[in-house]
Amino acid sequence: AAMLPTALGLTMLVPSWVALAGLLGLALAIELQVRVVEEPYLRRAHGAAYAAYAARVGRFVPGTGRLS
């Protein structure tokens, strides 16, 4: 959970295109990990209970990124 804030802080401390590219790459990698690996696994493991939960809460920020 602290990877993105840490990377954001490092990008702000060392403002360069390399730091910004690293921050964007990290955000993309985390998003892909969640969508491609974690969510399908949770759907298989928990079925309808996870589907109901994912429709009610957000993916990273409460209320945003709800699954249908």
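Reader: How many helices and strands are there in the protein?
Author: The protein has 3 helices and 0 strands. Helices (H or I, at least four residues) and strands (E, at least two) are DSSP runs, numbered from the N terminus. The pattern along the sequence is α-α-α.

Reader: Where does the model come from, and how are residues counted?
Author: This is a predicted model, in which local features need pLDDT of at least 70 and side-chain atom pairs count only at pLDDT 80 or more, while totals for chains, interfaces and linings use all residues. Residues are numbered from 1 along each chain as its sequence is written, and side-chain values use heavy atoms, with hydrogens and water left out.

Reader: What radius of gyration does the protein have?
Author: The protein has 15 Å, whereas a compact globule of 68 residues would have a value near 11 Å. The radius is taken over C-alpha atoms, and the globule rule is 2.2 Å times the number of residues to the power 0.38. Along the principal axes, the C-alpha atoms fill a box of roughly 45 × 20 × 15 Å.

Reader: And what share of the residues is buried?
Author: Of the 68 residues, 16% count as buried. Buried means under 20% relative accessible area, exposed over 50%, and partly exposed in between (1.4 Å probe, protein chains only).

Reader: Changing topic, which residues form the salt bridge?
Author: The structure holds 1 salt bridge, and Glu-31 forms it with Arg-35. The term requires a side-chain nitrogen of Lys or Arg within 4 Å of a carboxyl oxygen of Asp or Glu; here the closest N and O atoms are 2.4 Å apart.

Reader: Where do Glu-31 and Arg-35 sit?
Author: Both belong to helix 2 (residues 17–46); they are 4 residues apart, so about one helical turn separates them. Glu-31 is partly exposed, with a relative accessible area of 21%, and Arg-35 is also partly exposed, at 45%.

Reader: What about aromatic pairs: how many does the structure hold?
Author: There is 1 aromatic pair. The ring centres of Tyr-50 and Tyr-53 are 6.3 Å apart and the planes are at 40°, so the pair is tilted. By definition, rings of Phe, Tyr and Trp (its six-membered ring) pair if their centres lie within 6.5 Å; planes under 30 degrees apart count as stacked, over 60 as edge-to-face and the rest as tilted.

Reader: Which helix holds Tyr-50 and Tyr-53, and is Tyr-50 buried or exposed?
Author: Both lie in helix 3 (residues 48–56), 3 residues apart, about one turn of the helix. Tyr-50 is buried, with a relative accessible area of 12%, whereas Tyr-53 is partly exposed at 42%.

Reader: Finally, which residues is Thr-11 in contact with?
Author: Thr-11 lies in helix 1 and counts as buried at 11% relative accessibility. Leaving aside neighbours within four places in sequence, Thr-11 is in contact with Ala-19, Leu-20 and Leu-23, contact meaning heavy atoms within 4.5 Å. A polar atom of the Thr-11 side chain lies 3.3 Å from the backbone oxygen of Ala-19.

Reader: What lies 3.3 Å from the backbone nitrogen of Ala-19?
Author: That is a polar atom of the side chain of Ser-16. Ser-16 is placed in the loop between helix 1 (3–13) and helix 2, and is partly exposed, with a relative accessible area of 31%.

Key
A polar contact is a pair of N or O atoms within 3.5 Å; within protein, one must be able to donate a hydrogen and the other to accept it, and residues adjacent in sequence count only if both atoms are side-chain atoms.
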